[in-house]
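Here is a short report on a predicted model. It covers charged pairs, cores, helix packing and domains.

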Amino acid sequence: MDKIFANRWLRLAALAVFAVLLIVAPLVSSRFINYQLSMIAVFAVALLGLNIVMGYTGQVSLGQSAFLGLGAYIAAYGVRNEWNLVLVLLLCAIIPAAVGMLVALAAARLRGLALAMITIALPIIGIPLARRFSEFTGGSQGTTVSFLGAPDWSGLANDQWQYYVVLTIAVVAFVLARNLVRGRVGRAFAIVKENESVALAMGVSPYRYKVLAFTISSLLGGVAGFMYLAIVQFTSPETMNFFTSINLVAAMVIGGSASIVGTILGAIYYVLVPVVAGQVNSSRTALISGAILLAVLFLLPRGLVSLPRRMSLLIGGTRRRGASPRDDQNSPDGASTADPGTPETPTAHEERQAR
Amino acid sequence: MAAELSVRDVSLHFGGVNVLEKISIDITAGQVVGLVGPNGAGKTSLFNCISGHYQPSSGSILLDGIETAHAPASRMASLGLARTFQHPALRLDATVLENVMLGAHSWLPGGPMSWSLRLPATGRAEREARGEALALLDRAGLAWAANVPADELSHGLHKGVELCRALLSRPRLLLLDEPAAGLSHGEVEKFIETIRGLRIDFDLTVVIVEHHMGLISALTDRVVILDHGAKLMEGTAAEAQSDPRVVEAYLGKEVTDDESA
Ligand SMILES: Nc1ncnc2c1ncn2[C@@H]1O[C@H](COP(=O)(O)OP(=O)(O)O)[C@@H](O)[C@H]1O
Ligand SMILES: [Mg+2]
């Protein structure tokens, strides 16, 4: 009990320190650093969406950049037409969510490669569409906007104000997502990923929850698009680039799949590694990023988020195997824990086929 | 209220293979029925038909008089059906309690909106489910394991966790697919006690697929013997064990094996 308490207070304290850092950081940092911090918030939200569909629900999604781009274009259009910004943000959530849901309604019956193909198609179709409808998108040149400047009463510079705006959006998104993945819906996502037969038996429709996960993922992608435009003040077909999607998947795995903290670590990785690699050797950025990717995956297959656990395992020795009631003083006997092994019957294929 | 199950002329074909041939079984509310037969007899397939995982090729399945043969599997939990699987399928990375909590899915209220906003109703229901889950784990002698990751438990304990998960859905009909397979002698005794306790405290109808004849005799009111997808006989466990057709179906092998256990 003591341990749990200590742990909880430790977590709260860490969270408080983190919050203070987030609030104070832009006041004492350069514009360059504020820009990077803001970009971390932007891509944290995009990654959060990706993690919900891929990390938590186990469905391949290689099209997140399309929703990022869609959100950015909707935001640019709304800003140029001087719509209310709250309305613009709402549209950046709702329209990509609707598009994602429509795609998912058709695609969620597919698995593996077929599903991956559909999601790959999104940025591949999105880029020529964006070029084509240039009166909305500015075509290949892209579109520049100027919005979300700091109001006078705040006494802040624009970059500081914009940082606080995207940070607020990111915090709200993370709190809501964390609540979601912890309860009934999160358990449904997890069992859809793990075993669809069991999901069905427990009253979870895998199809419905896949569509839901895709919808939420697209919604968060669109919101990240709004945030992106707020920070960069420019968007072009490049925002949808397929390689952005691939890099987001890599960042999700590196940070930690199916983990909220891992999502944040993934966003830090996504934004900072190219910057760091560029400063080490600007002509070898891709190579250095790739080397870091491989090193992390090799040393921490479960992502950066597993670093503390991995460390304590290395220091604290081996992991408990075959836990038994004897591990706990209150339990009456340990006789029932002998593992007789699983006898293989000829029906080992049944569960897969029952899906 | 325990459920009444009626399987009528259910057949199941895969391609040219007749997995089930016109199976009819009637189970009254509150009974514990054994479903016995050699490997490949079609026991798991019949469970899959009842639970909606397979669509029977013909025939009807009535749960409390409601036709469910073509209901989607994901609806069955809310109709009061729960099942375990021959090979326990838990989330190994999650704790035992998290695994059991999935069982509450069908009766927990609220959709994605209310859960992401953590509306008070969802919080209350979640606490209620947690309390029930812990009570079930306690009953199965697994309270100590609530916060242990499932992959640290033995196979026998996984079966107990899976049973708790099924029970948390508040079922009225429980299908257990080889719950004692791979359990040690002590674990089987404990399992028999657990099911006896359930019969007293829960209002449940239970169907058990099992090769372990000791367990079948100890727990069931009645057994149905399947062989090659057809019903061979129906009666008490004692009648079944002395029926020459049953002994022949098993080639004497598994029956005598398990009797000695
Ligand atoms: N999805 C399926 N596709 C084809 N054959 C199947 C399928 N499921 C079960 N079978 C076949 O049905 C027969 C009965 O299997 P099963 O119901 O698992 O038997 P039991 O549980 O009695 O051991 C076996 O021959 C098995 O191969
Ligand atoms: Mg079977």
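Glu193(B) is partly exposed, with a relative accessible area of 49%. Its salt-bridge partner is Arg196(B), at 3.4 Å from N to O. Arg196(B) is also partly exposed, at 37% relative accessibility. Both sit in helix α7 (residues 185–201) of chain B. They are three residues apart there, so about one helical turn separates them.

Elsewhere, salt bridges with shared partners build a network. Arg187(A), Glu98(B), Glu126(B) and Arg130(B) are joined in it.

Side chains of opposite charge can pair when their charged atoms come close. Over all chains, a search of the whole structure finds 14 salt bridges.

One of them joins Glu196(A) and Lys210(A). Their closest N and O atoms are 2.9 Å apart. This pair links distant parts of the chain, 14 residues apart. Glu196(A) lies in helix α9 (residues 196–201) of chain A, and Lys210(A) in helix α10 of chain A. Are these two residues buried or exposed? The cut-off for buried is under 20% relative accessible area. Glu196(A) has 9% relative accessibility, so it counts as buried. Lys210(A) has a relative accessible area of 3%, so it is buried too.

In chain B, Arg170(B) and Glu132(B) meet in a salt bridge, with 2.5 Å from N to O. Here 38 residues separate the partners. Arg170(B) is in the loop between α6 (155–168) and β7 (173–177) of chain B. Glu132(B) belongs to helix α5 (residues 120–139) of chain B. Arg170(B) is partly exposed at 37% relative accessibility. Glu132(B) is partly exposed as well, with a relative accessible area of 26%.

## Nonpolar cores

The largest nonpolar core has 128 residues. Which residues have the most contacts inside it? They are Phe43(A), Val45(A), Phe189(A), Met227(A) and Leu174(B). Helix α10 (residues 206–232) of chain A gives this core its largest share, 16 residues. Domain 1 (5–80 + 171–254) and domain 2 (91–154) of chain B both give residues to this core, so it lies between them.

Take Met227(A). Leaving out residues up to four places away in sequence, Met227(A) touches Ala41(A), Val42(A), Val45(A), Val166(A), Ile169(A) and Ala170(A). There is also a second, separate core of 31 residues. Among its members are Phe47(B), Tyr54(B), Leu79(B) and Leu81(B).

## Two packed helices in chain A

Two packed helices are described by the angle between their axes and the distance between the axes. Helix α3 (residues 64–80) of chain A packs with helix α5 (residues 112–132) of chain A. The angle is about 30°, and the axes are 8 Å apart. That makes α3(A) roughly parallel to α5(A), because angles under 35 degrees count as roughly parallel.

Which residues make the contact? From α3(A) come Ser65(A), Ala66(A), Phe67(A) and Tyr73(A). From α5(A) come Leu122(A), Pro123(A) and Ala130(A).

## Domains of chain B

Chain B is divided into domain 1 (5–80 + 171–254) and domain 2 (91–154). How far apart are the C-alpha centres of these two domains? They lie 28 Å apart. Seven residues of domain 1 of chain B are in contact with four residues of domain 2 of chain B.

Terms used
Residues are numbered from 1 along each chain as its sequence is written. Chains are lettered from A and ligands numbered from 1 in the order in which they are written. This is a predicted model: local features need pLDDT of at least 70, side-chain atom pairs count only at pLDDT 80 or more; totals for chains, interfaces and linings use all residues. Side-chain values use heavy atoms; hydrogens and water are left out. A nonpolar core is a set of buried Ala, Val, Leu, Ile, Met, Phe, Trp, Tyr and Cys residues joined through side-chain atoms within 4.5 Å. Buried means under 20% relative accessible area, exposed over 50%, partly exposed in between (1.4 Å probe, protein chains only). Helices (H or I, at least four residues) and strands (E, at least two) are DSSP runs, numbered from the N terminus. Domain bounds come from an automatic or database domain assignment. Contact means heavy atoms within 4.5 Å. A salt bridge is a side-chain nitrogen of Lys or Arg within 4 Å of a carboxyl oxygen of Asp or Glu. Axes are lines fitted to C-alpha atoms, for helices over the stretch in contact, and angles run from 0 to 180 degrees between N-to-C directions. Angles under 35 degrees count as roughly parallel, over 145 as roughly antiparallel, 65 to 115 as roughly perpendicular and the rest as oblique.
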